[in-house]
Amino acid sequence: MRWALIGASRIASSYMIDAMRAGEGSSIASVLSSDAARGEAYAREHGIARSFTDLNDLLGDDSVDAVYISTTNEKHHAQALASISAGKHVLCEKPLAMTLDEAGEMVRAADERGVVFATNHHLRNAGSHLAIRELIRSGRIGRVLSARVFHAVNLPEVLRGWRINNAAAGGGVIPDITVHDADTIRFHLGEDPEEVVARAGASGLGEGVEDSVMSVWSMPSGTMVETHESFTHPFAGTGIEFHGTEGSIFARNVMTQEPVGDIRLVDASGETPIPFEKHNLYEYSLGLFASAVNGSGRPSADGVDGVKSLAVALAVREAALTGKAVRVGYGGF
Ligand code: NDP
């Protein structure tokens, strides 16, 4: 797999470049930046042979099989459509786009062009979440009655740019974190939220965008879900819980980019620690993406998963803005 990076981003330099290079036969051809000097410096620092400022030049390289889009959110849509039209497979960062229509257009375009299109929702690749899903699917907690997601973090200083002050670039905790929680809940429960209520606000960091949100989601099965996402909580820690008729799952420190955390199952026989694999989340995801490109299996989170997580996040934001319960529309997916 020969990759091109669209966006000289921190997520690429912190995680994705190393994860791509860890894949067998996988390499990085080039990087796109809107700023020539930044692109050149980024390429030099990360040992990437070429940098471009024109997307068409990058896409014109026939040796490139796939692109990884990690620009700010408002750019994903146009960059994905151009990449798809050039016949490249696409791994796009979440949220896929600013609107549901745009995200749907990206997924349909990829289908029509016959390229693989995936969303970089990392949590479903974690050994912890794979183990939790297995507990739920194998019936260890019986019928799932409720779920709780704790995803209130302390946004590191280096990430306090567009995320906290630029709504036009897709800032705010809802497109940043709620979208991941939507994907994670869908992954575990195998169903899509039907209706949401929410409250959001700024609690110290947000300038014109929300930095904290709490929401409650109704699932078709009757399972109730509550979530809390924030940028302003230094000591809260993260976690997820599932409570069923036969047991409860308590997972702590698992809403993270690292392969860490702990899981306990509590049921009539007492409390059992649950072991899980501690592999790199992004390498795991890229492995599934490469297999899908080679015709076997599907990406970890595909385009439809990206559309649906965005749909839930947009509904949560609308519910918070209006104070009303909002039915989640999935744009025909
Ligand atoms: P960054 O802020 O690091 O990068 C986004 C864009 O900002 C880059 O494409 C770059 O533009 C521009 N930029 C970078 N450095 C500078 C600078 N010094 N001055 C001016 N502009 C600069 O974003 P993130 O890496 O935090 O996020 C990128 C995307 O990835 C988002 O969609 C986000 O939601 C997603 N993300 C996903 C994660 C996951 O685990 N799945 C985790 C973190 C982010 P240019 O390319 O034009 O140079």
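**Exercise 1: A residue in a helix**

Ala290 is partly exposed, with a relative accessible area of 23%. Keep in mind that the model is a predicted one.

Task: find out which helix holds Ala290, and why Ala290 counts as partly exposed.

Solution. Start with the place: Ala290 belongs to helix α9, which covers residues 281-293. Next, take the cut-offs: buried means under 20% relative accessible area and exposed means over 50%, with partly exposed in between. Ala290 has 23%, so the label is partly exposed.

**Exercise 2: Buried or exposed?**

Task: decide whether Asp183 is buried or exposed, and list what Asp183 touches.

Solution. First locate Asp183 in helix α8, residues 173-189. Its relative accessible area is 1%, so Asp183 is buried. Now look at the surroundings: leaving aside residues up to four places away in sequence, Asp183 touches His121, Arg124, Ala301, Asp305 and Ser309. With Arg124 there is a side-chain to side-chain polar contact of 2.8 Å.

**Exercise 3: The faces of a helix**

Task: work out which residues of helix α2 are buried and where they lie around the axis.

Solution. Helix α2 spans residues 36-45, and its buried residues are Gly39, Tyr42 and Ala43. Looking down the axis of α2, these fall within an arc of 100°, so they line one face of the helix. That buried set packs against β1, α1 (10-22), β2 (27-32) and β3. On the face turned away from the buried side you find the exposed residues Ala37, Arg44 and Glu45. Finish with the ends: Asp35 caps the N-terminal end, with a side-chain oxygen 3.2 Å from the backbone nitrogen of Ala37. After α2 comes Gly47, with a positive phi near 65°.

**Exercise 4: Reading a sheet**

Task: state the order of the six strands in the open sheet and name the edge strands.

Solution. The order is β3-β2-β1-β4-β5-β6, and the pairing is parallel. The edge strands, β3 (50-52) and β6 (117-119), each pair on one side only. Neighbouring strands here are turned by 20° against each other on average, ignoring direction. Now zoom in on one pair: β1 (residues 2-6) and β4 (residues 66-69) run parallel and are joined by four bridges. Leu5 has Tyr68 as its bridge partner in β4.

How values were computed: Residues numbered from 1 in each chain as written. Predicted model: local features only at pLDDT ≥ 70, side-chain atom pairs only at ≥ 80, totals over all residues. Heavy atoms only, no water. Pairing = 2+ DSSP bridges. Helix = DSSP H or I, 4+ residues; strand = E, 2+ residues; numbered from the N terminus. Axes fitted to C-alpha atoms, helices over the stretch in contact; angles between N-to-C directions. Buried < 20%, exposed > 50% of the residue type's maximum accessible area, 1.4 Å probe, protein only. Polar contact = N/O pair within 3.5 Å; in protein donor to acceptor, adjacent residues only side chain to side chain. Contact = heavy atoms within 4.5 Å. Arc of directions from axis to C-beta.
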